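Please look over the model below with its sequence at hand. A short report follows it.

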Amino acid sequence: MKEKLRSFMIGRYGFDDFSKFLMGIALILCVLDLFVNSIFLSSWFFVLILYIYFRMFSRNCSKRYQENLKFLKFKNKIGAKLDSQKWIMKQRQTHHIYRCPTCGQKIRIPKGKGRICITCPKCKTEFTKTS
């Protein structure tokens, strides 16, 4: 039986990160449907499951690979933004982060220094802020 499945899947795309993401959304829709009992949620659940199976058994591997690459680029872009926001929130515990009024450059100043004159390293504009 295992050999038959293995030989059937030769030349087919299989399960990738985009399929995992779609499976997670389908699972969320299924759980929501248990509480809400909506035809709309049920139909979207089945459409997602059918699309996942279509992707898994597809012989057009290059097209599925391109879809997965688009998803991974989008996922990495969102992850980078979340990581930068996480870093900024961590830095706010010990530093103030100001923007230069001229060029918009972010400048990190330690807290507790009182009223100080800040010079932008990019455009050399000076402005005064409280630390």
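## Helix H3

This is a predicted model. Helix H3 covers residues 39-57, 19 residues in total. From its first C-alpha to its last it reaches 27 Å, close to the 27 Å expected at 1.5 Å a residue. At the start of H3, a side-chain oxygen of Ser38 comes to within 3.1 Å of the backbone nitrogen of Phe40.

Seven names make up the buried set of H3: Leu41, Phe45, Leu48, Ile49, Ile52, Arg55 and Met56. Seen down the helix axis, these buried residues fall within an arc of 125°, so they line one face of H3. An α-helix has 3.6 residues a turn, so residues three or four places apart point the same way. On the other side of H3, Ile39, Phe40, Phe46 and Leu50 are exposed. The cover over the buried residues of H3 includes helix H1 (2-9), helix H2 (17-36) and helix H4 (61-91).

## The nonpolar cores

The largest nonpolar core has eleven residues. Among them are Phe18, Leu22, Ala26, Leu29 and Phe71. H2 and H3 are the elements that give two or more residues to this core. H3 supplies the largest share, six residues.

Leu29 is one of the core residues. Not counting residues up to four places away in sequence, Leu29 touches Leu41, Trp44, Phe45 and Leu48. A second, separate core has seven residues, including Tyr98, Cys100, Ile118 and Cys120.

Ser58 sits in the loop between H3 and H4. Is Ser58 buried or exposed? Ser58 has a relative accessible area of 7%. The cut-off for buried is under 20%, so Ser58 is buried.

The side chain of Ser58 reaches the backbone nitrogen of Asn60 at 3.1 Å. A polar contact of 2.8 Å also joins the side chains of Ser58 and Arg64. Leaving aside neighbours within four places in sequence, Ser58 is in contact with Gly11, Arg12, Tyr13 and Arg64.

## Aromatic pairs

The structure holds seven aromatic pairs. In one of them, the rings of Phe8 and Phe57 have their centres 5.7 Å apart and their planes at 65°, so the pair is edge-to-face. Phe8 lies in H1 and Phe57 in H3, so the pair ties together parts that are 49 residues apart in sequence. Phe8 is partly exposed, at 38% relative accessible area. Phe57 is partly exposed too, at 32%. Phe8 and Phe57 form one aromatic cluster with Tyr53.

Phe40 and Trp44 make another edge-to-face pair, with ring centres 6.3 Å apart and planes at 70°. These two residues are four apart in H3, so about one helical turn separates them. Phe40 is exposed, at 56% relative accessibility. Trp44 counts as partly exposed, at 45%.

## Two loop residues with positive phi

Asn37 is in the loop between H2 and H3. Its phi is near 55°, a positive value in a residue other than glycine. With 66% relative accessibility, Asn37 counts as exposed.

Lys124 is in the loop between strand E3 (115-119) and strand E4 (126-130). Lys124 is not a glycine, yet has a positive phi of about 65°. Its relative accessible area is 58%, so Lys124 is exposed.

Key. Residues numbered from 1 in each chain as written. Predicted model: local features only at pLDDT ≥ 70, side-chain atom pairs only at ≥ 80, totals over all residues. Heavy atoms only, no water. Expected span 1.5 Å × (residues − 1). Buried < 20%, exposed > 50% of the residue type's maximum accessible area, 1.4 Å probe, protein only. Arc of directions from axis to C-beta. Contact = heavy atoms within 4.5 Å. Polar contact = N/O pair within 3.5 Å; in protein donor to acceptor, adjacent residues only side chain to side chain. Core = buried A, V, L, I, M, F, W, Y, C linked by side-chain atoms within 4.5 Å. Phe/Tyr/Trp six-rings, centres within 6.5 Å; stacked < 30°, edge-to-face > 60°.
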